[in-house]
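This report describes the fold of one protein chain, from its surface to the packing of its elements.

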Amino acid sequence: MPSKTLSVDELVKQIKLKNLPSLLLIYGQEDYFCENSVRLIRKAYISEGSEQMDYVKLDFESKGFDLDKVIDNSQLPPWLSTKRVVLVRNSGIFSVADPKKDLATSFEKFASSIPDTTIVVFWEDAIDKRKKGILKTFETKGIVCESPFLNDVSIASKIS
């Protein structure tokens, strides 16, 4: 299994090897690389023509995150694909105030219950690394991938 914190290039290699765990966090300022990673995951794990049954996108727009909805969608088996992919976009779990302090505990339980037949991808624009409980769950149960802002030299090296 790869290191738990990967660069975008390392993540792409793991996707091509079909070596992803059931939990993945992709975040950063370079939307193109985040979006491309999600596209590659769909291509690697979702059979052509089965997108409607085996791929789910939940966009919470950083408000109203519903862990139960994520759990319900992640517990369903894939129908025609090797894996079911659940994309959770803009969950806000790294920025939401948690007055009860139980989100990290609930999230850890959820992460432990994801079936091997499902990949849950959280795609966030930014994360608050002070939310150590949730971040630790991603690091111990899955993979974290940051797509930092690239300067002109870095972009030129990627396209040449």
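How many Å² does the accessible surface of the protein come to, and what share belongs to carbon and sulfur atoms? In this predicted model, the accessible surface is about 9000 Å², and carbon and sulfur atoms account for 52% of that area. Of the 160 residues in the protein, 48% are buried. Among contacts with a separation of 6 or more, 81% join residues 24 or more positions apart.

**Strands and sheet**

The protein contains 7 helices and 6 strands, which follow one another along the sequence as β-α-β-α-α-β-α-β-α-β-α-β-α. The 6 strands make an open sheet with parallel pairing, in the order 1-6-2-5-4-3. Strand 1 and strand 3 are its edges, each pairing on one side only. Strand 4 pairs with strand 5 in the parallel sense over 6 bridges; in one of these pairings, R84 has T118 of strand 5 as its bridge partner.

| Strand | Residues |
|---|---|
| Strand 1 | 5-6 |
| Strand 3 | 55-59 |
| Strand 4 | 84-89 |
| Strand 5 | 118-124 |

**A helix pair**

Helix 4 (residues 67-75) packs against helix 5 (residues 103-112) at an angle of about 5°, and their axes lie 11 Å apart. Angles under 35 degrees count as roughly parallel, so helix 4 and helix 5 are roughly parallel to each other. Helix 4 contributes L67, V70, I71 and S74 to the contact, while helix 5 contributes S106, F107 and F110. By class, the residues of this contact are 5 nonpolar and 2 polar, with no charged residue.

Technical notes
Residues numbered from 1 in each chain as written. Predicted model: local features only at pLDDT ≥ 70, side-chain atom pairs only at ≥ 80, totals over all residues. Heavy atoms only, no water. Helix = DSSP H or I, 4+ residues; strand = E, 2+ residues; numbered from the N terminus. Buried < 20%, exposed > 50% of the residue type's maximum accessible area, 1.4 Å probe, protein only. Contact = heavy atoms within 4.5 Å. Areas by Shrake-Rupley, 256 points an atom, 1.4 Å probe, with all protein chains shown as cover. Pairing = 2+ DSSP bridges. Axes fitted to C-alpha atoms, helices over the stretch in contact; angles between N-to-C directions. Parallel < 35°, antiparallel > 145°, perpendicular 65-115°, else oblique. Nonpolar A, V, L, I, M, F, W, Y, C, P; charged D, E, K, R; others polar.
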